[in-house]
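Here is a short tour of one structure. Start with the sequence and the model below.

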Amino acid sequence: MINEADVVIVGTGAAGLFCALNIPDHYKIIMITKKQPEDSDSFLAQGGISVLKDNDDYEAYFEDTLRAGRYQNNKQSVEVLLRSSRSIIDDLVKLGVNFDHVGIDFSYTREGAHSVNRILHHKDVTGKEITEKLLEQVKKKSNITIIPFVTMIDILEENHSCIGVVLKDNEDTIYSISSRTVVWATGGIGGLFEHSTNMNHITGDAIAIAIKHNVELLDMNYVQIHPTTLFSKGKGRSFLISEAVRGEGAILLNAQGERFVDELLPRDVVSAAIFEQMKKDGTDYVSLSMKHIPEEKIKERFPNIYEKCLEEGYDLATDLLPVTPAQHYFMGGVQINVDGETSMKNLFAVGETSCNGVHGANRLASNSLLEALVFSKRAAHVIGETLTNIQLQNTGLAVNCNQYKNTEQLEKEYHKLVWDEISKGSVEYDRLCKHES
């Protein structure tokens, strides 16, 4: 059993993996994950990754991001995001990520609230393509060890400095790992909702532990609803119908077969319009139509979505698809600066777990993968520069594991902590996604 490392990264999504790859190779890194390394929401991202097309696009991209975020964004964070985007794409290409092309140029698509086509993609499985390639590279690194089926249940703290993590494995064994630095990359909060596009095991663990240890949080009431998920009466993760589908021309229809909203407005606006339309129609869904789009284009651009819908009995080329909103993304989280630093010394947060205000109150489509990579790379740089000055505290033997014995009760307490914190602010999304108690 490993009991010490230079860095512990909690989570194996795009943010955690990219952070690990950008920390110097001579440091020992442990990555832990609740399930298999592939079981992250990053693998589910369909639409793409935004990028600044050129310098002339800066003002428009900046405005699109702020407008979607209801002008609640941190402008410094947005500037860092946009200015770093092209170099991040260069990094990904060097790591083997294959983006779709038109001839020798990238193929750019458009999604809701973008004023131009600036989104790179790999068919309709962009997140899978990026995260798989990152994971392949991580597995080649001799200094990085991934430990699956392990849950972080606490951190080790000394003088408001993070000195390690407390873990539980599948056999309910409790143990700790001492480390110079800890990085939270635990994803969002979708597992707390009855209807979500997220994987069920992603439940905001880092948020709960942050509350317990008085680590600063930010914008906890900013929870994004995705307008279009495949309607189903069954339980489990909601299947996302990418916003890129509407970006390529799909339209939304009410029960009378009439369009009722501009499909490319920001997600919160479209979600609210769908909710109101369902209320008027007395239905649990509205319809998405791609009938006017050539069948070959649908199959080529959205092969994964096309096949999934076929499995559910719907042919995107000929049928109306029933869709309904579901919880999708968390814009709030553990407060960080643009280098991923939290209010606790030697504790970093990256990806959906974190919040530096870059998204404001509503994330612009396809900015999430970009955000995860931009700020995790910056965090990795700071970690690499400061690790030599941090002394490893060997506290593993001093941890009282008895306090964590009732892990089922602890999990319930953590879930309640997160939900209560979210509910302190506006909960307008609660009308769309019922909290699973």
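## A helix and what follows it

Helix α5 is followed by N214, whose phi is positive, near 60°. Helices (H or I, at least four residues) and strands (E, at least two) are DSSP runs, numbered from the N terminus. This is a predicted model: local features need pLDDT of at least 70, side-chain atom pairs count only at pLDDT 80 or more, and totals for chains, interfaces and linings use all residues. Residues are numbered from 1 along each chain as its sequence is written, and side-chain values use heavy atoms, with hydrogens and water left out.

Why is α5 largely enclosed by the rest of the structure? Six of the eight residues of this helix (residues 205-212) are buried, so the rest of the structure largely encloses it. Buried means under 20% relative accessible area, exposed means over 50%, and partly exposed lies in between (1.4 Å probe, protein chains only). The buried residues of α5 are D205, A206, I207, A208, I209 and A210. Their cover includes the strands β8 (150-158), β10 (174-184), β11 (217-218), β15 (321-330) and β16 (333-335). Helix α11 (407-422) is also part of that cover.

## M220, a buried loop residue

M220 is found in the loop between β11 and β12 (223-230). Its relative accessible area is 6%, so M220 is buried. Which residues is M220 in contact with, leaving aside its neighbours within four places in sequence? They are I207, F330, G332, G333, V418, E421 and I422. Contact means heavy atoms within 4.5 Å. M220 and V418 are 198 residues apart along the chain, yet their C-alpha atoms are separated by 8.9 Å.

## Nonpolar cores

In soluble globular proteins, nonpolar side chains tend to be buried together. A nonpolar core is a set of buried Ala, Val, Leu, Ile, Met, Phe, Trp, Tyr and Cys residues joined through side-chain atoms within 4.5 Å. Here the largest core has 57 residues. Those with the most contacts inside it are I9, I23, I49, L92 and L134. The elements that give two or more residues to this core are β1 (4-10), α1 (14-22), β2 (29-32), α2 (58-68), α3 (75-94), α4 (126-139) and α10 (368-386). Helix α10 gives the most, with ten residues.

Beyond its neighbours within four places in sequence, I49 has contacts that include I89, L92, F99, I119, L120, I130, L369, L370 and L373. A second, separate core has 46 residues, among them I153, I155, C162 and V399.

## Salt bridges

Side chains of opposite charge can pair when their charged atoms come close. A salt bridge is a side-chain nitrogen of Lys or Arg within 4 Å of a carboxyl oxygen of Asp or Glu. By this rule the count is 24. One joins R180 and D6 (2.7 Å, N to O). This pair links distant parts of the chain: R180 is in strand β10 and D6 is in strand β1, 174 residues apart. R180 is partly exposed at 23% relative accessibility, whereas D6 is buried at 14%.

D91 forms a salt bridge with K377, and their closest N and O atoms are 2.7 Å apart. D91 lies in helix α3 and K377 in helix α10, so the pair ties together parts that are 286 residues apart in sequence. Within helix α4, K128 and E132 are four residues apart, so about one helical turn separates them. Their side chains meet in a salt bridge (2.9 Å, N to O). A network of salt bridges links D57, E63, D64, R67 and R118.

On a 1 Å grid over the protein atoms alone, a cavity is a set of points where a 1.4 Å probe fits but cannot get out. A pocket is an open set with protein on both sides within 12 Å along at least five of seven lines, and lining residues have an atom within 4 Å of a point. Grid points are joined across faces, edges and corners, and a volume is the space filled by probe spheres set on the points. The count comes to one cavity of 30 Å³ or more. The largest cavity has a volume of about 40 Å³. Its lining is M331, S354, C355, N356, G357, V358, H359, G360 and E371.

The second largest pocket holds about 470 Å³ of space. Of the 23 residues that line this pocket, the closest to its centre are H195, L230, F231, S232 and T324. Strand β15 gives the most to the lining, with three residues.
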